Amino acid sequence: MGLSICVFCASASGLPEVYRRAARELGGELARRGHRLVYGGGNVGLMGEVARSVHEHGGTVFGAIPRSLVDRELAYGPADELVVTDTLRERKAEMDAHADAFLALPGGFGTLEELLEVITLRQLRLHDRPVVLVSVAGYYDPFLAMVRSMVEEGFAPVGEGALFRVARTPAEAVDLAEMGPGPGQAGGEAPVEALAEDWTDASNSP
């Protein structure tokens, strides 16, 4: 049985072709391998590219989108299932509830916010699902440098390889998602530093 793979990515228009092509390639990989796309339900930017590609290759799309964006005609109508939420927080909760793994294509502030939340929750050992950055054309290299600095300076206990993995191509990203969580993440207690800095509503999680 295939996985439900949540993809975080840009909704911005007019992005360089290298990123649009990667989104299409990822959609094709998900569909060909029998995985379902879970994403933010948009029809623009990389969001639209990946969803259309999944359908073009015979796959299934689950989208969650706030009503305000539906009203602006930014929803991907052909989605096999489209959940309309009242808020962005509810949208993220729907995506999380339907995801077996998380992939992050290049994106802006919204993509980073979604990515950092699932990394934080994994650091707190509130989930052990795979988190993979798809660093197309080195897009996430500055972020990875910052994570290494955070770990070296003691602001975070672990980073790449423990909380998340990095792929350079869409195919590699799906490979990593299929491998399951990285070593050393299941069970045990979260680091004290992580608990003290928790800004999420994780206390309400099971």
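Biologist: Starting with E17: is this residue buried, exposed or partly exposed?
Modeller: E17 is partly exposed, and its relative accessible area is 32%. For that label, under 20% relative accessible area is buried, over 50% is exposed, and partly exposed is what lies in between (1.4 Å probe, protein chains only).

Biologist: Before I go on, what kind of model is this?
Modeller: It's a predicted model, where local features need pLDDT of at least 70 and side-chain atom pairs count only at pLDDT 80 or more, while totals for chains, interfaces and linings use all residues. Residues are numbered from 1 along each chain as its sequence is written, and side-chain values use heavy atoms, leaving out hydrogens and water.

Biologist: Back to E17, then. Which residue does E17 form a salt bridge with?
Modeller: With R20, and the closest N and O atoms of that pair are 2.8 Å apart. A salt bridge here is a side-chain nitrogen of Lys or Arg within 4 Å of a carboxyl oxygen of Asp or Glu.

Biologist: And where do E17 and R20 lie?
Modeller: Both lie in helix α1, 3 residues apart, about one turn of the helix. Helices (H or I, at least four residues) and strands (E, at least two) are DSSP runs numbered from the N terminus. R20 counts as partly exposed too, at 27% relative accessibility.

Biologist: How many salt bridges turn up in the whole structure?
Modeller: A search of the whole structure finds 13. One of them joins E29 to R32, with the closest N and O atoms 3.7 Å apart.

Biologist: Is E29 buried or exposed? And what about R32, buried or exposed?
Modeller: E29 counts as buried, at 16% relative accessibility, whereas R32 is exposed at 53%.

Biologist: Which salt bridge does D141 make?
Modeller: The side chain of D141 meets that of R168, at 3.0 Å from N to O. D141 belongs to helix α6 (residues 141–153) and R168 to the loop between β7 (165–167) and α7, so this pair ties together parts that are 27 residues apart in sequence. D141 is partly exposed at 34% relative accessibility, and R168 counts as partly exposed at 44%.

Biologist: Which residues do shared partners join into one network?
Modeller: That would be E29, R32, R33, D175 and E178, linked by salt bridges that share partners.

Biologist: New topic: where does G27 lie?
Modeller: G27 is in helix α1. G27 counts as buried because its relative accessibility is 0%.

Biologist: How far is G27 from H55?
Modeller: In sequence, 28 residues; in space, 8.1 Å from C-alpha to C-alpha.

Biologist: OK, backbone now. What's the phi of R125?
Modeller: About 60°, a positive phi although R125 is not a glycine. R125 lies in the loop between α5 (109–123) and β6 (131–134). With 30% relative accessibility, R125 counts as partly exposed.

Biologist: And what's the phi of A137?
Modeller: Near 55°, again a positive value in a residue other than glycine. A137 has its place in the loop between β6 and α6. A137 is exposed, since its relative accessible area is 62%.

Biologist: Last one: which helix is V70 found in?
Modeller: Helix α3, which covers residues 67–71. V70 is partly exposed, with a relative accessible area of 30%.
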